[in-house]
Amino acid sequence: CVGIVVYRGLYFGLFDTLRPILLEAMPADWQKSEVMKGAASFSVGYFVTVTAGLASYPLDTIRRRMMMTSGTGKNYSSSFHCGMSILKEEGFGAMMKGAGANILRGIAGALVLTFFEPLQKLYVQARGGDPSTVKVAGGG
C-alpha cells in the first residue's frame, strides 16, 4: 500500500508541477505548436514515470520478497526488518533488481499523462460540451 502512495504521489505531483514550468519555458513559436506541446508533455511524463517508479521500487521489492518467502521458513517480523535484511545480506542493488523493465514500461505511463487532456477534451466535445471549459491540473 505504501509503495503505490509514493508512486502515485510522485507521478501526479511531479507532472502537475513540472509540466506548466516546461511549457512556459518553451520558445514562443513552440508554444503555438500542438506537436511541440505534446512532445514536451511526453518528455515530462516519461521523466516523471521513471522517477516515480525508481523511487518506489525498493518498497515493491520488500513487498514481493515478503510474499515470496511466506511459508518458506524465512520469516520477517516487519517490512522494515525485511528491508534491512535485504540491504545487509545483498546490498542496495538487490532492492533495484528488475527496475530496468519498469523504465521501459514507463513509456506507457508517459503516454497516459500525455493523451489524457486531449482525449478528455474530445470526450467533452462529443457529449456536446465546450472543450475549452475543461480544467486539467498541470496547466492545461
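These exercises with worked solutions concern a predicted model of one protein chain.

**Exercise 1.** Work out which secondary structure elements make up the protein chain, and in what order they run from the N terminus.

*Solution.* Begin by counting the elements, which gives 5 helices and 0 strands for the protein chain. Then read them from the N terminus on, and the order comes out as α-α-α-α-α.

**Exercise 2.** Compare the radius of gyration of the protein chain with that of a compact globule of 140 residues.

*Solution.* Next look at the extent of the C-alpha trace, which spans about 60 × 35 × 20 Å along the principal axes. Finally, turn to burial and surface: buried residues make up 29% of the 140 residues, while the accessible surface comes to about 8,900 Å², with 66% of that surface belonging to carbon and sulfur atoms.

**Exercise 3.** Find how many positive and negative side chains the protein chain has, and how far apart the centres of the two sets lie.

*Solution.* Counting the charged side chains gives 14 positive and 9 negative ones, and the centres of these two sets are 8 Å apart.

**Exercise 4.** Decide whether Tyr11 is buried or exposed, and do likewise for Phe12, which is buried, exposed or partly exposed.

*Solution.* The step that matters is the cut-off, because buried means under 20% relative accessible area and exposed means over 50%, with partly exposed in between. Tyr11 has a relative accessible area of 3%, so Tyr11 is buried. Phe12, which lies in helix H1 (residues 2–25), has a relative accessible area of 41% and is therefore partly exposed.

**Exercise 5.** Classify the aromatic pairs that involve Tyr11, and say which residues the ring pairs link into a cluster.

*Solution.* A search of the whole structure finds 3 aromatic pairs. One of them joins Tyr7 and Tyr11, whose rings are 5.4 Å centre to centre with 20° between the planes, and this pair is stacked. Both of these tyrosines lie in helix H1, 4 residues apart, which is about one turn of the helix, and both Tyr7 and Tyr11 are buried. Tyr11 also pairs with Phe12: the ring centres are 4.8 Å apart and the planes stand at 80°, so this pair is edge-to-face. Putting the steps together, ring pairs link Tyr7, Tyr11 and Phe12 into a cluster.

**Exercise 6.** State how far Phe12 and Ala39 are from each other in sequence and in space.

*Solution.* Along the sequence, Phe12 and Ala39 are 27 residues apart, and in space the distance is 18 Å, taken from C-alpha to C-alpha.

Notes. Residues are numbered from 1 along each chain as its sequence is written. This is a predicted model: local features need pLDDT of at least 70, side-chain atom pairs count only at pLDDT 80 or more; totals for chains, interfaces and linings use all residues. Side-chain values use heavy atoms; hydrogens and water are left out. Helices (H or I, at least four residues) and strands (E, at least two) are DSSP runs, numbered from the N terminus. The radius of gyration is taken over C-alpha atoms; the globule rule is 2.2 Å times the number of residues to the power 0.38. Buried means under 20% relative accessible area, exposed over 50%, partly exposed in between (1.4 Å probe, protein chains only). Accessible areas come from the Shrake-Rupley method with a 1.4 Å probe; for residues, only the protein chains shown count as cover. Lys and Arg count as positive and Asp and Glu as negative; His and the chain ends are not counted. The place of a charge is taken as NZ of Lys, CZ of Arg, CG of Asp or CD of Glu. Rings of Phe, Tyr and Trp (its six-membered ring) pair if their centres lie within 6.5 Å; planes under 30 degrees apart count as stacked, over 60 as edge-to-face and the rest as tilted.
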